[in-house]
Amino acid sequence: MKKRVQSSGSIQALGIFLLSRWHRYRPVMSMWFLTVLSAFLTQAAECGQGDDSEMKRRPQGILTGMPFMAHVSSRSFVDDAGHRIYLAKPPARVVSLAPSITEMLFSLGLDDQIVGVTDFCDYPDAAKSKARVGYSNPSTEALIALRPELVLAPKDFLRPDLQTKLDQLKIPLFVLDAQTLEDILLQIQTLGKMFEKTSAANEVTQRMRQRIVEIRRKVETLPARRVLYVLNSRPLIAVGPGSFIHPMIGLAGGVNIAARAGVAYPKLSMETVLKEDPEVLIFPSETVPRSEQQQWLRWDSLSAVKLRRFHEVSSSLLNRPGPRIIEGLEQLARAIHPETFGSGEGAVHP
Amino acid sequence: MKPPPARVQSDSCAGALSGKACRAYPTGGLVAQGAILTNSRWIATLGILSLAAIVVSLLCLHFGTQPIPYSEILRVFVDAMSRKEIDGGASDITRTILLQVRLPRMLLGFLIGCSLATVGVALQALLRNPLADPYVLGVSSGAALGAAVGVLFGAGTTFLAETALPACGFAGGLLALVIVYRMAAHYEQLPIHSLLLAGVILNAIFSAVIMFITSVLEPNRSYGMMAWLMGTLTAPTYGGLVGLVVYLSIGLFLLFSQMRTLNVLALGEESARTLGIDTEQTKRFIFVLTALLTGAVVSVSGMIGFIGMVVPHAVRLVTGADHRLLLPASALVGGTFLMGADTIARTLISPAEIPVGIITALAGGPFFVYLLIWRKDRLA
């Protein structure tokens, strides 16, 4: 048994090593057989992981969880990866590993407690003056040097080696993974409890909920429009189920024409687009320039082109599952139903 | 650029066309032995391959997100020829899909496959290395780097958007070419080994810079760039297609004019020199030509791997090593292969697409491994 765990551990390490490199080298590698190899290793690693985490979690629970306390104490929290952490008091030093998390913390008024943010945390302005630790590949050294009492991380870019290191150093890591709007509200509440800012959290979530209800009420009576969200034109990349933007399109009163694609960010074929005939084209304003939007005029059989319904929304708002997501939702609703929400900004006239 | 070297008299390279020449070629046993090229064999082989290309292209037009029946295809083409307006509605969409998406994309795929395979043949003969392909000179990663830098500095936001990225890619490819050339041509001669080495090393450097750029780019933007780099065909406008056709066909024509010279070069430089070829100048000419072709292809479609390496080998197995047949046959097979691969790429998990580079590599990867194993056997 012991031997088996060991060997799966080394396979896992190799797999993780290859995968972590692979993820970044992928665009320039032409030797695709590595894909197959790394896929095989992931599987091997995943098999191994099952054994390992089982082994690890038990002693961990004893060390940090105080299992009998867990159900009693209100100071123990379970994150979106299923790990339970126990915080005796509100952490005085916290590092955020995602812009959305940074925004949540600031919305709760935790300006002083935030000691580290990512390279892409640009809202609010105060975030820009905080120490930076990278983003998809955060520097472990920089992170540890900040002496955090809590690290808040998104699930997407979380590297297992970082997790292991923080475990070793007894720095609690809390993973946030929002799949829906409701998750965001819940996370803000959790953070509020963690930092003993419950009233601030209540205020923030209540305000958000109110605006959601308003939008929902308006959209309910409107016909759902066919929408294509263009993440990238060359090649054409859209958003599909599994991405955060996909359900938002539904909430804003639209139907995502890429709904049948099985991937979160599918490379969509132009044939599908022509067949599904979107009525509204939405471009993230930061990444798809106007000139690229103009290229769409070529497809003049599309309703969106005939009606000149091109709209820009801020992708940094829609991509960040934080408190400002509501503004993104409003922009989206305005783009899909300008006659109800008032066209205002975001309408582009190519 | 200097004019192409004088042609070799076909008499003087008669040996290059016989089985003896084939055995001299370093790929050895991969080559069909002893087949002497005759007019009828030339016509028959190319005829069969053209027929295959036509059949595959018909399949490509048929399959897609939804198959379009052949009767419908015929009707659309007839209507398009006679410029009759078709009634709107569903058939209008079919027409747009067929004429604006599938057809131009298919043609683009054929053209790019042709170029990659032809360049592969030329490089394998020139470098006398069975593993050489258009990517070996570092031109492809140079082009990719150019495009990456373009994205980094927001080339997409200029008024040239559509052409800015390919232009950056092309500039990067040219830069790589100049560097490799300078590195390798430090002395009077252009030694083949330095050329290969220079290309490989440059590849490594450029790849590192690309990785650096993807790691600092905002995730949203780097995602789009990666998707582009993985090799994709997007339906071009007919204007863009015509431009590409003109450019590539000039390049291909010049390369085809070197068929006989390639035959002699494949024998080895010594033999080529005794046969009266200015090897340095010939190498330089072919080298520059392949780099220009590769740069253009990469800048349009990203990195589509393995066609340049695999197709020439596969074709050589059937036709033998005579470049007068190998070159046009590889072009046809390469074009057909990419055309077919792209159809699979856009049909398999429809409505989403797979980068076509994955399909070509999945076909090419096993062949590459086979090559390695086979070579080991030969050496033992």
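**Exercise 1. Identify the residues with the most contacts inside the largest nonpolar core, and the element that gives this core its largest share.**

Solution. The largest nonpolar core holds 82 residues, and those with the most contacts inside it are Ile112(B), Leu127(B), Leu195(B), Ile286(B) and Ile304(B). Such a core is a set of buried Ala, Val, Leu, Ile, Met, Phe, Trp, Tyr and Cys residues joined through side-chain atoms within 4.5 Å, where buried means under 20% relative accessible area with a 1.4 Å probe and protein chains only. Its largest share, 13 residues, comes from helix H5 (residues 90-127) of chain B, helices being DSSP runs of H or I with at least four residues, numbered from the N terminus. A second, separate core of 57 residues includes Val117(A), Leu152(A), Val227(A) and Ile336(A).

The model is predicted: local features need pLDDT of at least 70 and side-chain atom pairs pLDDT 80 or more, whereas totals for chains, interfaces and linings use all residues. Residues are numbered from 1 along each chain as its sequence is written, chains are lettered from A in the order in which they are written, and side-chain values use heavy atoms, without hydrogens and water.

**Exercise 2. List what Ile304(B) touches.**

Solution. Not counting residues up to four places away in sequence, Ile304(B) touches Ile112(B), Leu116(B), Tyr135(B), Gly231(B), Leu233(B), Leu338(B), Val356(B) and Thr360(B), contact meaning heavy atoms within 4.5 Å.

Notes:
Buried < 20%, exposed > 50% of the residue type's maximum accessible area, 1.4 Å probe, protein only. Helix = DSSP H or I, 4+ residues; strand = E, 2+ residues; numbered from the N terminus.
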